[in-house]
Amino acid sequence: MAGDTRQRTARRLSARPDADLAGFREVQRLSYECAEAVAAQLRPGVTEREAARMQREWLRERGVRDWFHLPFAWFGDRTAFANFRIPLQFFPTNRKLEPGMPFILDMAPVYKGYSADIGYSGSLGLNPVQDRLMADLQAHRVLILEQVREGRSLREIYENVERLMTRQGYANRHRAYPFGVIAHKIDRVKERRWSPTAFGFGTQSLKGLASDVLHGHREGWSPLWSPYHFSDHPPQPGLWAVEPHLGFRGTGAKFEEILVVTDSRDPEESAFWLDDDLPHVRRWAEEKAA
Amino acid sequence: MSGMNGAGAAVPADARERRVSTGGIELCVVELGETDRPTVVLVHGYPDSKEVWSEVAERLATRFHVVLYDVRGHGRSTAPQPLRGGFTLEKLTDDFLAVADAVSPDRPVHLVGHDWGSVQGWEFATVGRTEGRIASFTSMSGPSLDHFGHWIKKRMTRPTPRAAAQLLGQGAKSWYVYMLHTPVLPELAWRGPLGKRWPAMLQRIEKVPAGSYPTASLPSDAAHGAWLYRDNVRPRLRRPRPDAYAHVPVQLITPTGDAFLSERLYDGLEQWAPDLLRRTLPAKHWVPRTRPDQLAAWITEFVTDREEPATRAPEQKAPGKYADRFGGQLVLVTGAASGIGRATAFAFAEAGARVVAVDRDAEGAARTADMARLVGAAEAWAECVDVSDEQAMEKLAAKVATEYGIVDVLVNNAGIGLSGSFLDTTAEDWKKVLDVNLWGVIHGCRIFGKQMAERGQGGHIVNTASAAAYLPSRTLPAYSTSKAAVLMLSECLRAELASRSIGVSAICPGIVNTNITSTSRFAGVDEAEEKRRQERSSRLYGLRNFPPEKVADAILRAVVRNEAVVPVTPESKGALWMSRFAPRALRRIARLEPKL
C-alpha cells in the first residue's frame, strides 16, 4: 500500500533527491540475510575474528566491494561493551563462542552504490536474558519513530530513549560508540575500483560523512545523533541508521536499521522505517501472535 | 524441644533411638523424620557428641530422614578397648557403613560432617568400599587428612613466600593438635578444669548460644577423642593417600572466622573433588550451633538437587562473583525500583540470593523482581511500601518474616534529593527529606534489625549514606544533614550489633548516574526553573557517568568484608580523605555556589 507513496517520498528526499529507497532496501535485506546465514553457522569455539570474516566473505561473494564499516562481531559480555575504554576494543578478538553466549553481528556494506548499516543480536542456544532485552527493544523502535514524527530534537529523543532504557532497568550501551551516537546518517557511495578502508571504515563513506559534518556545521545540523549540543535539532531529511543498544549485566542486544526522514508535512510520511520485514520485527510479530 | 533461640541441645522427643553393633562396640544411633524420605546422616566433631546437630537436625527432619550417631568413644556409644589404635579412619569407616546399612539398606545416604565428622566424611567419600553408599557429602570445618598432607607437601617442596606464609599460618592455628599429641595431659585437663570451663569458653569465644549443649558427657568425649588425632594425624600427614578423589558431589561450607582452619586449606580442592560447590559463611568454628538456619537451607538445597537432578537446570546456577556467600540468602533492598537500589538487587540476584525489592513505585519494583529472577535470583518478590511510613514498614516486616523468612542482608537504600539554600528550605521540605532519608533508614534498621538480632544467627545491614555526609556545601544542607545522620546511625549501630555478629556498613557513593537528579526537589525556585535544574543536573551526572552497578559491587564487597564506611567514587574517596586531613580546605570549597 505504502509502496507508491514511498517511491514518491523517495524522490522528495530533499537531502539527496536521487536517493533510491529500493536500492537501500535491497542492501539492508542482503545484510540481514548475511547476518542470519552467518548466525546459523556459528558453533562453539568460533572466534569473533572468524565470525567477522564469515560475514565479509559472504557479502564479497555476493558483490559487495566497499564498506561503510567492515563487519564486527561481539561475543559474551563484549555484546554489552563491558570495560570498553578505547575504540580499538570494538574490533573482533579471539574470544570464542560458548553455548548460551549472546552475540551481535554488525555490518555496513555498500552494494551497487547504496550503503546499509545493520545490527543483529542472537545467542548460541537459549539465553533468556537476551530474549528479554530483544523483546524490550520493540518499545524503543516505536518510541523513536513516534518522536521523530513529532519533530522533536535528536538530543531530546536520545534522552527519552535513555530514560526508557533506565526505566526498563538497562544501561545505555550506544553511549560507548564514537560520539555516543544512537544513529548516524548514511548515504549513497560512489563506486570506485579501489575502495580502501581506514580503521575499519570505508574511506568513501567516511568522506561522505565528513562532508555532511562540514555542511551541517555551517548550517547548524549534524549527521550524528548524539546526546550533545550539536544534536539539538530535528533530524535532517535523509537516511539514518538507528542503533539503540541495551546492556544488562554482561549481556547486550541491539538492532540497527534505516529510518527514512523526509521534509513532508504529513507525519506518516515525514518519517518511517525503511523496511518492516526484518528479523527482529518478524520476531516481535511472532511473539505477539504466540 | 528447643525453639529458635537454640536454648536446648537434647534430641527431639519424637526421635527413635537404636543401637548398632560393629567391630566389638555399640553405637548410639538416633533417627528423625519419615524413613521413606532421603536419608541424611550427620556426623559430629571433636569434642562433641551427636547433640551438636540438634538444631540442624530438627530443621532437616521436616524434609528428610535424619540420622545422627555418636562416634565411637563419644556420647552414648561405647569406646574401643584399648583406646590406642581403636580410632583409625578405617575403623570409623566400618562404623559409618554399619550405620548406613542399618538405617538405609537400599538407598545411598547423604552425608554431612562437621569438624572431625567432616574429616571422617572425606575418608568415607574418597575410599572405594563406600562407593554406591553415599549420594552426596557436605563438609564443614574439616579437611581430608590426605588432602591436608598433600597441601603441606606441596608448600614444603616449593616454599615461596606465599606458600611459607600459608604453612606458618595454618601451623599456628593447629596448636591444639600438638597439645593433643602429648600423653595423658589432655585427658587430665579435660576430665579436670578444662572440661568444667569449656561450655563458658564456647559461649564467650565462639558465641555459641547458652543451653544444655555441650552435654554432660563432654569430659569423656574429649578424653577419648584425643585418640582421633593420635591414631590418624601423623600417619596420614606423613603418607597421604595418592588417590583420595571424592566419588560423590561435595558441598564445602567454609566459615570465614574459623580459628582452627585456614580458608587457604581448600585452595585447589577441585583437583580432589571434581563436583564441588563452595559456600562461605561469616561465622566461627561451631556453625551447627551458631548458624543452624543457613546450614539447614544449604543442606536441603544440595540434597534436593542431587535427589531430583531433573529439576536442576544448569543455567539456573547463579554466575555472580559472591555466589558462594549469598546463595539462597534473603536480601531486602529498599528503593529498588531504580538506580543504586535496582543495581544492588540485581547484583545480589546474580549471586543467587532471594531478593525482596521494596519501593513505593510498584511497577518499577515489580520490574526489578522480574529481571532479578532472570539473572539468577533463587526467588524474587516486589513489595510496594513507602519506607517513611512506619506502620507500612511494620506490616512489611511481618509479611516478609512469615512468607519469606528472616532477612539476612538488609539494604536501606531509598532516598530522595533536596537542593537549595538553608534559608529557602521550608519546614515541609525538611520533613519530607528527613522522613525518607533518615526515618526510612531508622525504621528499616529498627524493625528488620530487631528480627535479625532475635534470630541470633548474624546478618548484615547496609545503609546508603552519601559523600554529602562528610562534605559540607551551601547547596545541600538538608540532604547532607539527613545523610550525615545515616552515617552516624550506621556507626553506632555497628558498635551495638557487633556482639550479635550483625555487621553494619555505610555506603557513600558520590556522584552516580541515577535518576535521583531528575526527581530532586530544588527549594526556593519556581517550577520551570526546578525542571531546568533537574535536567541540567541529570545531564551533568550523565557526563560524569559513574554507573550504579559499580556501587552495587561495592555494597556486596562491603558485606563480604564487613566494611564500616565505604566511599565509592574517586570524588567520594577524596572528600573523605580531605574531611580528615584538610577540613579547612573543604569548608572553603563548601562556600562556592555551583552554577546549574
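Colleague: At roughly what angle do the axes of α13(B) and α14(B) cross?

Modeller: This is a predicted model, and the answer is computed from its atoms. Two packed helices are described by the angle between their axes and the distance between the axes. For α13(B) and α14(B) the axes come within 8 Å, and the crossing angle is roughly 30°.

Colleague: Is α13(B) roughly parallel or roughly antiparallel to α14(B)?

Modeller: Angles under 35 degrees count as roughly parallel. The axes of the two helices cross at roughly 30°. The relation of α13(B) to α14(B) is therefore roughly parallel.

Colleague: How do the residues of the contact of α13(B) with α14(B) divide by class?

Modeller: From α13(B) come R342(B), A345(B), F346(B), A349(B) and E350(B), while α14(B) contributes T368(B), M371(B), A372(B) and V375(B). The helices pass each other in a right-handed crossing. The residues of this contact comprise six nonpolar, one polar and two charged.

Colleague: Which helix gives the most to the side of chain B that touches chain A?

Modeller: The contact between the chains draws on twelve residues of chain B and eight residues of chain A. On the chain B side, α13 (339-350) and α14 (362-375) each supply at least two residues. By class, that side has five nonpolar, three polar and four charged residues. With five residues, the element that gives the most is α14(B).

Colleague: Which UniProt annotation covers residues 329-510 of chain B?

Modeller: Over residues 329-510, chain B is 49% helix and 19% strand. The end C-alpha atoms of this stretch are 28 Å apart. In UniProt, an unreviewed entry gives the annotation as "domain: Ketoreductase".

Colleague: How far apart do the C-alpha centres of domain 1 of chain B and domain 2 of chain B lie?

Modeller: Domain 1 of chain B spans 16-312, and domain 2 is made of two segments, 323-510 + 551-587. Their contact takes 14 residues from domain 1 of chain B and nine residues from domain 2 of chain B. The distance between their C-alpha centres is 39 Å.

Colleague: Which element gives the most to the side of domain 1 of chain B that touches domain 2 of chain B?

Modeller: Both β8 (276-281) and α11 (292-307) of chain B supply at least two residues each to that side. The side as a whole has five nonpolar, three polar and six charged residues. With five residues, the element that gives the most is α11(B).

Colleague: Turning to chain A, what is the orientation of α2(A) and α3(A) to each other?

Modeller: Helix α2 (residues 21-41) and helix α3 (residues 48-61) of chain A have axes that come within 10 Å and cross at roughly 135°. Their crossing is right-handed. The two helices α2(A) and α3(A) are therefore oblique.

Colleague: Which feature does UniProt place at residues 23-263 of chain A?

Modeller: Over residues 23-263, chain A is 36% helix and 24% strand. The end C-alpha atoms of the stretch are 20 Å apart. The UniProt feature, from an unreviewed entry, is "domain: Peptidase M24".

Key:
Residues are numbered from 1 along each chain as its sequence is written. Chains are lettered from A and ligands numbered from 1 in the order in which they are written. This is a predicted model: local features need pLDDT of at least 70, side-chain atom pairs count only at pLDDT 80 or more; totals for chains, interfaces and linings use all residues. UniProt positions are given in the numbering used here, feature names are shortened, and annotations may be inferred rather than shown by experiment. Helices (H or I, at least four residues) and strands (E, at least two) are DSSP runs, numbered from the N terminus. Domain bounds come from an automatic or database domain assignment. Two residues are in contact if their C-beta atoms, placed from the backbone, lie within 7 Å. Ala, Val, Leu, Ile, Met, Phe, Trp, Tyr, Cys and Pro count as nonpolar, Asp, Glu, Lys and Arg as charged, and the others, Gly among them, as polar. Axes are lines fitted to C-alpha atoms, for helices over the stretch in contact, and angles run from 0 to 180 degrees between N-to-C directions. Angles under 35 degrees count as roughly parallel, over 145 as roughly antiparallel, 65 to 115 as roughly perpendicular and the rest as oblique. A crossing is left-handed if the near helix is turned anticlockwise from the far one by less than a right angle, and right-handed if clockwise.
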